[in-house]
Amino acid sequence: MSGTYILWLIGGYFALLLLISYLTGKNDSNLDFFKAGKQSPWYLVAFGMVGASLSGVTFISVPGWVQGSQFSYFQTVLGYVVGYFVVAFVLLPLYYKLNVTSIYEYLRQRFGMVSYRTGAFFFFVSRVLGAAFRLFLVAIVLQQFVFDDMGIPFEITVIFSIALIWIYTFKGGIKTIVWTDTLQTLFMLLALGLSVYFILDKLDWSMGQFLASPEFGEYSQIWFTDSLLEKKHFLKAFVGGMFVTICMTGLDQDMMQKNLTCKNLKDAQKNMVSFSLVLGIVTFVFMLLGALLFIFADRYGVAIPLMDGQPKTDLLFPEIALNQDLGIWVGVTFMLGLIAAAYSSADSALTSLTTSFCVDFLDLENKPEDRQKSIRKKTHIAMSFLLVVVIIIFKYVLDRNVIDGLLTAATYTYGPLLGLFAFGMFTKHNIKDRYSWLVALLAAGGVYAFAQIPPESLGGYQCGLELLPLNGALTFLGLYLIRSKKQGKL
């Protein structure tokens, strides 16, 4: 598929998003921008969250990770599902009871302003990195297959990508995103299904023949239980995955902001449970696609694409979809799916960053009403600029598979949030609030330092997602050490 066709496809797709933005952003109020008027149908939120949770990371990076990790990621996905139930029945009731705009307002009510700002800060760092990881993927694909041939530098590609998101979210905010996420999830699942179908057809296999083939057997190991020292061990992956979901969904303003647009708690819980089950199934199909891609590459001699002179398995899916004569429908649906996957998470991330910064740091709700909308719009622009800078930096410093990098970053940045919320919800202690930032920083720094120790110095032990609950536990312990005699308010 030529770069010109891809640009026309992107243009048509964003024209559709702009139409949705126009129809949903007529009110342009802060209530609609932050909470969608609390009128979103739960099933619409659930379907849209599938795309937002999968994102470009799952669409590109999970298939590309199969060669190095086989199906071990599915152990983590099973942990995700359990984590979503914890979010639905432990955290959502708390947020609805408090009727918050930013979920970190709970920390202010429970501990004080320093803890509140500490939680918001760690979310802010986490979401900037997460959104940048996801957009970096779509940017390198567009650069590799479209803009390099046109002589357009990577930096312009990134600016172009962020500008498109800003254009269709600057008025409607979360109200627009609830609807655009639904459309984007539909495109992503369509791309997944058609890609699997046409690759199987090219390999002259039925699905049953593929699953029974010895080639599939080389990639399909799910359970890793031989040694607890391994990074991929089931216990590490499952428990780590559960806590990743609790933190990256339940303690994440981005994901919770969508749930808080539902009419009531019961609808939000139905959304979370149904979404978690669908997400598990869809992720498994993406891993099947990954095995198909590597089998296809072996059979037809397709080399792993290079980026800056190094093989990049994240680029195998676009290479096969766009350059291996699988038919126009594979190329078209791949590009639509890629764009949808990347932007379905990035647009909500941009909105949630704007929400968190306005509410948690600028105290927007206590500003004069005639200035609130102007402050929100200026913050939206500033968050867009910040994402551009971080994505460009990634091009020069990121040296691993993107989903591996995303999950690794989460173990450091979400751990303090886990400890703060757990201490607040499961103890009656208050704390010396002015020291909470130091506890969070020391816990995250200590876990990072531990992770840098070579495995041979730890008897062969390889650190994995278990670092996230460890980080939370260290934060919890530190908060206990700075507890005060006065009991908490909640």
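Analyst: Phenylalanine 71 has a relative accessibility of 1%, so it counts as buried (under 20% relative accessible area; exposed is over 50% and partly exposed lies in between, with a 1.4 Å probe and protein chains only). This is a predicted model, in which local features need pLDDT of at least 70 and side-chain atom pairs count only at pLDDT 80 or more, while totals for chains, interfaces and linings use all residues. Residues are numbered from 1 along each chain as its sequence is written, and side-chain values use heavy atoms, leaving out hydrogens and water.

Rings of Phe, Tyr and Trp (its six-membered ring) pair if their centres lie within 6.5 Å; planes under 30 degrees apart are stacked, over 60 edge-to-face, and the rest tilted. The count by this rule is 29 aromatic pairs. In one of them, phenylalanine 71 and phenylalanine 284 have ring centres 5.7 Å apart and planes at 90°, so the pair is edge-to-face. Phenylalanine 71 is in the loop between helix 3 (42–69) and helix 4 (73–98), and phenylalanine 284 is in helix 13 (residues 265–300), 213 residues apart; helices here are DSSP runs (H or I, at least four residues), numbered from the N terminus. Phenylalanine 284, at 27% relative accessibility, is partly exposed.

Phenylalanine 234 and phenylalanine 238 make a stacked pair, with 5.5 Å between centres and 25° between planes. Both belong to helix 11 (residues 234–250), 4 residues apart, about one turn of the helix. Phenylalanine 234 is partly exposed at 27%, and phenylalanine 238 is partly exposed at 21%.

Conventions. Helices (H or I, at least four residues) and strands (E, at least two) are DSSP runs, numbered from the N terminus.
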